Amino acid sequence: MNPITLIIKELFYRKVNSLIILLTVIIAGTVSVAIYTLSKASENETRKIMREQGLNLYIFPKGTNLIDFYSVSNTQAFPEEYVDKLAESKTFDAVRHLTGILQVRYSDWTDPNGSSHQIVLFGYKDEAMQRFLPAQETMGFDVEKGKVHLGFLIARNIREGDPFTIKGSDGSLRSFEITERLEEGRGMIDQGVAFNLGDLQEVLGMQGMINKIEALGCVCKDGRIKNARNQVQAIFSDLEVTEISSIADARENQRLMMNKYGAFIIPFVILSCLLITGLLFYQNITVRNREIGLLKAMGKSTSGILFMIIAKAFILGLIGGIIGFFTGHLVAEYFGREIFRFTSSDIKPLWNVFYYSILLFPLLWMLASWIPALMATQIDAAKTLSQE
Amino acid sequence: MIELKNISKQYVKGKEVFTALKDISVRIEKGDFCCVTGPSGAGKSTLLYVIGGLIHPDSGDVMYNGRDIYRMNSRDINLYRRKHLGFMFQQFHLMPYLTVAGNIKLACNGNSQAEKIGFYLEKCLLADKKNKYPSELSVGEKQRTAFIRAIISEPEILLADEPTGNLDDSNSEILLSLVKEYNNGGGTIVLVSHNREIEKYANRSITLRQGCMQ
């Protein structure tokens, strides 16, 4: 008789024992897959929140006075090629969406009514494409040449259809088409104007210069700022990196906390389930000692008996791993809907986890049955078969 | 065919030492029907399992066709049990999750033996029980199933440990007739029983008392 047929028949005969073992695999699979899927979803959520918050890393020359920097008091400029060099670097991956910016306070802008104002001018270099990283959708700060985006407070002073005019460093008046009037509450840009970098450099007579690079830090294991700083300074030792704290931090901390819990809960649940499985296999062997004794008397080898026990664990581990994966995914999807704002609808089955599940759970459950299987090979056939 | 030379076996339980077999020497020839009798605790079953390669004696040799079975490697001793021996027990030891046919198939070495299941079921009046599970059989039917399982691989030696111990007289009669028929066909039988009535089927009889041959 085919040993697999024998295993399957025994498995169905001792339904309760088999079902409890199967349940332990399903529980371990569900918990592991659900926590892992939620952790991945949380990572994506953090990314999306960070993106929503805008660029959160500033790169600027070392020695820049941060009080001046944050109050936009025209800090030290540096060549815009720095952006391209960073984007060309193979080792620079802790930062995405590199955007070179020239940001200056312009103290004497006259509005169409003749009133004078202090405003902030932003010149945006087109977002740099990082050659050695997968292409990504840009953050959308690009401004076309000859055009400007007006902050809410500036836009209030200019009629619809009129151009934006500003006096250049050479004293000539320059005019730009307004393509966008930004909504209120966008921060410093409310009192500013966004240019194409080349246009602003011409207006200010600062060709080829920028005074900061803004970027989006990665969701990295070692933390955004540390990674980004190390990588930037490995290329340009004269640059410094700073970070704007945001809601993303809270989310990131939540994610890290979830990972920490996961790192405890997953092994704890798996180990507990393995222990229960080991005991259930031990009980199964005890009940079957006469069957095993008989098989020995019929000339079944030690490896054949080991195979019968371990193959049963493999079958249950495989079935439980598959079911556990799908139930884990459903659990993650259900709770993900409650927890996440951006990624709730993006929680898809992680197929690489599925492959791990169908490999890992059968292996672990085979391991759990190993000691009971060894005990089965040691059963004294003469003793068990002669018992009345 | 099988020769036991100076076999001794003792069991130690705590401080107590129990002698199951003491310097037993016996030769069983092909075609023998050897009945081993004696009171409980005389060492009958131990002798049977020693021949079956399941109890390692403390001293002595068990020669099968000139080879000491306890000097064989594990592969050869498994092969010896699978190809040359058939076992029957007082408790039948049928797999509860296999049908009558399934239980017999368990002992088959290859398809040619499995094809004979129908023939033996007919012979042992079990043809209509082929797909029944042990729980659906009477004790006599269970033991006849165990008998077919023991002989389906056509072993040279049938080792039977109190096979009628749980049977009534008529079922014992049927079973022993079948065993005798197997013996008449050339099979060697070693049958252990405390019932001396069985000796009438045997051509040889060994009586054990406190591990010694009488």
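Asp23(B) sits in strand 2 of chain B. Strands here are DSSP runs of E with at least two residues, helices are runs of H or I with at least four, and both are numbered from the N terminus. This is a predicted model, in which local features need pLDDT of at least 70, side-chain atom pairs count only at pLDDT 80 or more, and totals for chains, interfaces and linings use all residues. Residues are numbered from 1 along each chain as its sequence is written, while chains are lettered from A and ligands numbered from 1 in the order in which they are written.

**Positive phi values**

- Most residues other than glycine have a negative phi.
- Asp23(B) is not a glycine, yet its phi is positive, at about 50°.
- Asp23(B) counts as partly exposed because it has 14 C-beta neighbours inside 10 Å. The scale runs on other C-beta atoms within 10 Å, placed from the backbone: 20 or more is buried, 12 or fewer is exposed, and in between is partly exposed.
- Gln210(B) also has a positive phi, near 50°. Its place is the loop between strand 9 (204-209) and strand 10 (212-213) of chain B.
- Gln210(B) has 15 other C-beta atoms within 10 Å, so it is partly exposed.

**Strands of chain B**

- Strand 1 (residues 2-13) and strand 2 (residues 16-28) of chain B run antiparallel, joined by nine bridges. Two strands pair if DSSP finds at least two bridges between them.
- Glu3(B) stands opposite Arg27(B) of strand 2.
- The hairpin of these strands has two residues between them, and Gly14(B) there takes a positive phi near 65°.
- Strand 1 of chain B also pairs with strand 4 (residues 59-64) of chain B, antiparallel, over five bridges. There, Ile2(B) has Tyr64(B) as its bridge partner.

**The sheet of chain A**

- Chain A has an open sheet of nine strands, in the order 6-7-5-8-4-3-10-1-11, with mixed pairing.
- Strand 6 (164-167) and strand 11 (239-243) of chain A are the edges, each pairing on one side only.
- From one strand to the next, the twist averages 35°.
- Strand 3 (residues 95-110) and strand 4 (residues 116-124) of chain A pair in the antiparallel sense over eight bridges. Ile101(A) stands opposite Tyr124(A) of strand 4.
- Helix 4 (residues 81-88) of chain A lies across strand 3 and strand 10 (212-217), at about 170° to strand 3. Axes are lines fitted to C-alpha atoms, for helices over the stretch in contact, and angles run from 0 to 180 degrees between N-to-C directions.
- Helix 6 (residues 197-204) of chain A lies across several strands, including strand 7 (173-181) and strand 8 (192-196), and runs at about 135° to strand 4.

**A helix pair in chain A**

- Helix 10 (residues 302-339) and helix 11 (residues 351-368) of chain A pack at an angle of about 145°, with axes 7 Å apart.
- Among the residues of helix 10 that meet helix 11 are Gly317(A), Gly320(A), Gly321(A) and Gly324(A). Among those of helix 11 are Phe354(A), Phe361(A) and Trp365(A).
- This contact has 16 nonpolar, five polar and no charged residues. Asp, Glu, Lys and Arg count as charged; Ala, Val, Leu, Ile, Met, Phe, Trp, Tyr, Cys and Pro as nonpolar; the others, Gly among them, as polar.

**Where the chains meet**

- In contact are 17 residues of chain A and 24 residues of chain B. Contact means that C-beta atoms, placed from the backbone, lie within 7 Å.
- Helix 1 (3-13), helix 9 (289-297) and helix 13 (381-386) of chain A each supply at least two residues to the side of chain A that touches chain B.
- That side of chain A holds eight nonpolar, four polar and five charged residues.

**A loop residue in chain A**

- Lys62(A) lies in the loop between strand 1 (57-61) and helix 3 (66-70) of chain A.
- Lys62(A) counts as exposed because it has 12 C-beta neighbours inside 10 Å.
- Neighbours within four places in sequence aside, Lys62(A) is in contact with Asp238(A), Leu239(A) and Glu240(A).
- The C-alpha atoms of Lys62(A) and Gln76(A) are separated by 9.3 Å, and the two are 14 residues apart along the chain.

Methods: Contact = placed C-beta atoms within 7 Å.
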